Amino acid sequence: MKIRNLILQSSLLMLSLGIGSCAVTKNEKDELSQKDVLRYVDPNIGTAHSRWFFYTPAAVPYGMAKLAPSTNGHYGNKDGWEAVGYDTRHTSIEGFVHFHEWQVGGISFMPTAGELKVKPGELENSASGYRSEFDRKNELAQPGYYKVLLDEHKITAELTATKRVGFHRYTFPQNEQSRIIFDIGNVQGESGWITDASVKMIDDTHFEGFVETYPKYVKKYDPEGKVFMYFYGEVSKKPLRVGSFTEKGIQASSNSAKGKGAGLFLEYSTKDQEAIEIKVGLSYTSTQNAKLNLATEGEKLSFDKAKEQAQKAWREELNKLDVESADEKSKTKFYTGLYHALLGRGVASDVNGSFPRHDGAIGQLPRDAKGSFSYNFMNTDAIWGGYWNLTQLWTLAYPQHYNDFVHTQLQVYKERGWFGDGIANSNFVSGVGTNMVGLAVAAAYNAGIRDYDTELAYKAVYENEMGYKNRKEGSGKMDVKAFVERGYSPFIGGGNVFITDSTGSTFSASHTMEYAYSAYAAAQMAKSMGKTADYQKLMKYSEGWKNLFNPQSKLIQPKDLKGNFITPFDPYEAWRGFQEGNAIQYTFFVPQNPDALITAVGKDEFNTRLNNIFTESQKNAFGGGKTIDAFAGINAIYNHGNQPNLHISWLFNFSGKPWLTQKWTRDICNEFYGTEGVHGYGYGQDEDQGQLGSWYVMASLGLFDVKGFTDARPIIQIGSPLFDKSTITLGNQKKLVIEAKNNSATNVYIQSATFNGKPLTNSWMYLDELMAGGKLEFVMGNQANETWGIMPPPNVIK
């Protein structure tokens, strides 16, 4: 008892001196029970060289409000997409930013104490601005909540959010010079140029404003567009004084600021451990709607209640996939991957259904028969590669997100006449200059997600594949005319000159492979809808890859405008005929017809070549090795850190050796993915808004479709389930249980399988059968069973 009293007295003394009072305690880190799914999510994984959306713990699934600390957000980035925002290798924080979306970022707040500084300062010299050093032992990041001690200011900052409202709680030391900085008119992350900004106090405790930005990809692909972000907020304590600043300087007594560099500073005299809270309503349409979002979602919420509500939302979504295993590390990878899958692509519509249109006008979502909005309008990165991870995950357990994606694209199509590869407030922000949206929409239809105008959807899908007249650059596929006329896109440009126009592309071969695949998806949608003539036409285009298959090398090789294979030709070379990949990688990009590719290469040679690729690439961490760069592996023979390769470890299910899919997918899960700040998704490689996380989720469940659910009757292939037992609450509310008996780190091979008690001898199933729910049971072993599952999936191409 005496010891306990001494500890209590010591703690009280430390509090009175302001020593350690704001540190994150061990109890806080351990407050989540062993059964709480949130304890398996570590937002700090993979935060070296991570993308702008990636580290936003104070958010709800698919939220508009994505609050996060920024270590280097004000630096922006040179090309508009690179890693920026929060980096585990940095040791100081410059502010807490509200918007984190593809090409969208802004509205930074920072609590400070001491000398007035209105610039964030430099990473290498925190004293040069208002930024503060911090120690990660005093940092806590969980889904829906973030907390950190700012060492130089002795301030604890806490963040949480609802879908459209950000919550801050700053706990100050005793100080006559405490402040809160509202940094509004400066670059944040991917936001690009600030063209206008405004912030003002409208009474003693309420403020409002906006920022207008011109992101790099908007300038490139939709030059007449802009991105607006609006806010309306309240602070819990009236400031003693308010000052303002812009890029022109400081005004000591001013409650408003306009233009570039606009910001306010609110000054306080604080008692020790005094907390000041801020609620901020956000909107992409107007300050009035930001105010409405705040009133609707946050007016009656305390900070603690908002945190509780946010974490409840995360538990509900994450628990739709329940995995059981003694392997804690794999569970952490699984739920962190699922967390990132549910974090990217945030809602852009307000509580009243308003959403941003490209022309600056405000769109309005329709209400259903019950007066509710049946879908959300989203901001979204490109879906390039998403058919091998995100859309499959959405189909199984989160069909509403898939529905939102389709509806958003149809709204854009109605406004703009074309799908957008990536969308920032209805602006085209094409990430790669291609467009796989048509494929994703067709796959949604084929998978049974059809809560939209299906005839309009088909029209948009068909135009995306075949249309080229008056096509807008931001919709991608500017070489589709060449593809339609020739059956392939010719190679043009070269060197450091990247061109895509009606005659061809510098990335002609990869475009041809992609267009052939997406033509297949559209054809299957046409088939399902009884559009026979379109089906036959599109199916011919789905064979376009054959036009570039070199029978001598058995590789895909670009052709020039005269129809000749280009020379010289280096199959390892990226950016010459192939975007973010090379001929070795893209030769396997025939997901619509693996059988034909296997036949063209030769079955034995195909299996030998593919197995050797994984044997060799395993030495290099399946791609980029330990190089911290998004493009570290694009010259390699396999690159799991980028999209073009994500299906090929599953091709053995089509080539008669499914045990090699079981082996290599398990190895990729164990070795490419990590649980550290640097080694998360490879080593600082390209996690595009949840795609690599989603791949881990699907592969570790032992489920995947090479075709991305594009068949008229989709199938799903089987790999090596990593967990002893997985229970999926399917989108139709039925349960799918996957059980792996005798499972272990070495027992990775399927010996036998049953589905609902009946023997399963194939390494694939029809998706509709799986979606009926039930129990998928495997017996695992440490030696390959070379007789199980060797019959390939049906070839629907006749």
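**Exercise 1. Determine how helix H5 and helix H6 are oriented to each other.**

Step 1. In this predicted model, local features need pLDDT of at least 70, side-chain atom pairs count only at pLDDT 80 or more, and totals for chains, interfaces and linings use all residues. Residues are numbered from 1 along each chain as its sequence is written, and side-chain values use heavy atoms, leaving out hydrogens and water.

Step 2. The axes of H5 (residues 303-318) and H6 (residues 328-343) come within 11 Å and cross at roughly 110°. Axes are lines fitted to C-alpha atoms, for helices over the stretch in contact, with angles from 0 to 180 degrees between N-to-C directions. Helices are DSSP runs of H or I with at least four residues, and strands are E runs of at least two, numbered from the N terminus.

Step 3. H5 is therefore roughly perpendicular to H6 (65 to 115 degrees).

**Exercise 2. Identify the residues of H5 that meet H6.**

Step 1. With contact meaning heavy atoms within 4.5 Å, Trp314, Glu317 and Leu318 of H5 meet Tyr335, Leu338, Tyr339, Leu342 and Leu343 of H6.

**Exercise 3. State whether Phe622 is buried or exposed, and describe its phi.**

Step 1. Phe622 lies in the loop between helix H16 (603-617) and helix H17 (658-671).

Step 2. Although not a glycine, Phe622 has a positive phi of about 60°. Most residues other than glycine have a negative phi.

Step 3. Phe622 is buried, with a relative accessible area of 0% (buried means under 20%, exposed over 50%, partly exposed in between; 1.4 Å probe, protein chains only).

Note on methods
Angles under 35 degrees count as roughly parallel, over 145 as roughly antiparallel, 65 to 115 as roughly perpendicular and the rest as oblique.
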